[in-house]
Amino acid sequence: MTRAKLRAPKGESWLTLEDFAGQTSGLMAIVGQSALDARRHGVGGLVDRLVGLFGRRHVWIELQRHFRRDEQSSIQSLIDLSAAFRVPVFASNGVRFATPDARPLYDVFTCLRHKTTLERAGRRLTPNAERYLKPPEHMTRLFADLPQALAGTEALAEQLEFTLADLGYRFPDYPVPDGETQASFLRRLTQVGARDRYRPYHDRARAQIQRELDLIEKLDLAGYFLIVWDVVNFCRQQGILVQGRGSAANSAVCYALGITAVDPVGMELLFERFLSEERGEWPDIDLDLPSGDRRERVIQYVYERYGKLGAAMTANVITYRGRSAAREVGKVLSIPEEEIDRLARLMSQFEYIDPGETIARNLRETGLDPDDPRFRLFGALWQQMQDLPRHLGQHSGGMVVCQGRLDEVVPLENATMPGRVVVQWDKDDCADLGIVKVDLLGLGMMAALEEALLIVNGDEGPRAEGKGRMQKVDLAHLPPDDPAVYRMLQAADTIGIFQVESRAQMATLPRLKPERFYDLVVEVAIIRPGPIVGKMVHPYLARRRGDQPVTYAHPALEPVLKRTLGVPLFQEQLLRMAMVVAGFTGGEAEELRRAMGFKRSVKRMQQIEARLRDGMAKNGITGEAADQIVLSITSFALYGFPESHAASFALIVYASAYLKAHYPAAFYTALLNNQPMGFYSPATLVKDAQRHGVRFAPIDVQISTWNCFVQDDGAIRLGLRYVRGLRDQIGQRIEGAEGRAQRAEGTGQRAARFTSFDELVARAGLRQDELRMLAEIGALASLGGDRRSALWQAERAGRPAGPLLMDTDRDANTDADTTSSSLPDFSTSRPADFHDRPASPLPSMSLPDRVRADYDGTGLTIGPHPMSFLRASLATRGVQRARDLLNARAGRRVRVAGAVLVRQRPGTAKGFVFLSLEDETGIANVIVTPDVFAAYKRVIVDESYLLVEGVLQNQDGAVSVKADRVDALRHEGPEIASHDFY
């Protein structure tokens, strides 16, 4: 299987019968209708070849009956071949679907596979619904006249003894120096690291590390820790940011080895959440790396270290969901493209599904007839297709490694990305079968932090921030509890900051008012399904404000819950609760958490709960206190967030907030260069940066590089990467172009890259559409004139010169493939002067036109926000700016308008919808109740600009508008990207 996949492109397999020569041990060859293809194989030729390859005892001829008129003749021919070559027959049904009513959906998949429609599929479709999984009694009746075929089915099934119970997988041994075992080498490395991490290396840390090392040796896991340590060391040596997270942050050994950055001893984290003897499975260590090329270097290092057949990425099963299913079904049913677009938008469901929401109602609201047979069929097929496999992708970062050849354990295939190999099983399959995975996860914020530090610590970095020379900034040694950071967080000024930039986080920050690092740990974890479903958020915030007393279900829980004011927020707390009140061991507590996890077993849950209650009873905890503790654990374990994970993320939260507070130009530059990432579009990031005093310079072919950069004057110069439609290689060619004119004249000044449109086209190899886009966004302004004039000249320069436009003083050859050595000598010509050319008949762009052109061409603008052009009109209608809401009186009626940045309908919010509207002053948050959403659904979902009327709310500084009316804001504003959780 691996050979067939690796020699072919993604999605294909190439294998011939010759590939089986000498490798048929344990295999059975099954042949059916294809054995009768005499034109290809000759009469009986295919069976003859199979018998020669596999042996007579391992070849079987398959008989199928689907009530087709011509099949009896084929069955008789196959029986004759069986007799001729003395190989057995067996009965099957060539199953394609489980039940007969699944046949229409199977036809849809047939059409998709052949890239056709139901109307044109013809004989590609199955003629009836007989190829379903028939019960034994049906098959017995179907082949009553061929008892040998039924007997053959039973005999073949008895011979197929393959099992996944023992695949022979073995984790690689890590090479250690002579005289050392993996366990002893790990101990020595850990002690060295511990003395560096713990200063002084105190008794609590020594005892915890000793306990962990003893268990690691007992479970024979030392090699696993050494391999992860090796990957981390590679990152350090290559200058690649790396940080372990997840339950691995509960391990003092991981902390000592430099894998994680959180001190689990100091934070009193529970090791058993990461590893225990009772779990009987491998630990899971996740490494966060900068996304993009830096992470790919680490992945390729693992491939190089363990070989192409010794390491692979885990697979990820991509399924059909709302939009993808709607588009595929629509195409197969020959629904017009514009109606498919409407259906796709309609079927992009919010996370919360209204019980009263039907496909018929949605179709009617969208202007489509629900009684149309096409749409009725569409609705049925769309629902059946949900969550079915679409294709096999690759996991975001999971890698498996093996001692020896991985393809002897699991089939491998090529990934779409060159240089990568993927196992054909997903992460859950690998875990169930004991195959160890190491997650090398690409985190956009890690890439942004790495780049921001390069800018800050580079020659021009500190000058760009206007602070002169200073000590280099190091993430590992940032000033703790920086006041500017916490002022910014308390004000929910968190656009661009890792993990705390969402609408829900922004609404919580002013109420939680973080003052120290552990508050960030809580903030990361509290806006999660666990605390929300378990109704822990409001009690925690009320206790933090002093509105409620801090209480505990039992005094024994105070040491466990004291840091979170008596409210359980973390998985580790639930484990400790079971250990304290019921006497569970750490391993038993972890077993409890897993029993309450996603794959819940009612029987197993009942058994664990009985043990929990028995243990509490022995400690004198019964009645209401016991019920409250059980409720806390059972309701929270499913969604609870690990404290170790929250602490790891909180480090990145603090680092990103620190850079935003003290080095905003570097911070926003790095964010813009590492898109897509985070919660907001580049357009919103630019506007937020401008509100923080960051200046921007426009894209300019004479100055801009592919990426954005900080200029000597501290302004951010936008990069060519934001020009829509500009090919990467052309952008890189523009960046790499060397100026000639000034250098040739010996002025010593920075040389302009291009002296004219002709030179730009010739040297960069621009297409007409690329040149036109550069003109529209103002990137050619330095060549002279305004945007419309540049457009006029772009049309001339981008086309072959005819007799009427031919320049008489230069060769007008603008072939994109011409090398620089054969180009005209532009260095002797003076810069282009628009006065030398015919005047453009096009009027100059107005400011609103330029802003629209910016959004159309780059997705952002450094000019005014589109809402600013409507402000005078809106003010006369009583519409307030987002910034004004902060000082308005709570409870009063207000009107607010803006571009929609976020639409969200969380599954935990009982049908409420949350909107974020942006205007020229900031972001206004809007809460839409279920009844208001039902009344204005199509406006809320479809319109880019909204006008909202409602009541102002202010909860401890978290300001929002509770809407009772939502209207479309009709104007010619540009489309602004929104982040919609449908």
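Let's start with a hairpin: strands S18 and S19 form it, with two residues between them. In that turn, Asp-956 has a positive phi of about 55°. Strands here are DSSP runs of E, at least two residues, and helices are runs of H or I, at least four, numbered from the N terminus.

Two words on the source. This is a predicted model, where local features need pLDDT of at least 70, side-chain atom pairs count only at pLDDT 80 or more, and totals for chains, interfaces and linings use all residues. Residues are numbered from 1 along each chain as its sequence is written, and side-chain values use heavy atoms, with hydrogens and water left out.

Back to the strands. S18 covers residues 945-955 and pairs with S19 in the antiparallel sense over 10 bridges. Pairing takes at least two bridges found by DSSP between two strands. Val-948 sits opposite Val-966 in S19.

S19, residues 958-968, also runs parallel to S17, residues 922-928, with three bridges joining them. There, Val-926 is opposite Val-961 in S19.

Now Thr-858. Helix H39, residues 847-858, contains Thr-858. Is Thr-858 buried or exposed? Buried, because its relative accessibility is 9%, and buried means under 20% relative accessible area, exposed over 50%, partly exposed in between, with a 1.4 Å probe and protein chains only.

What does Thr-858 touch, leaving aside its neighbours within four places in sequence? Ile-699, Tyr-722, Arg-724 and Ile-777. Contact means heavy atoms within 4.5 Å.
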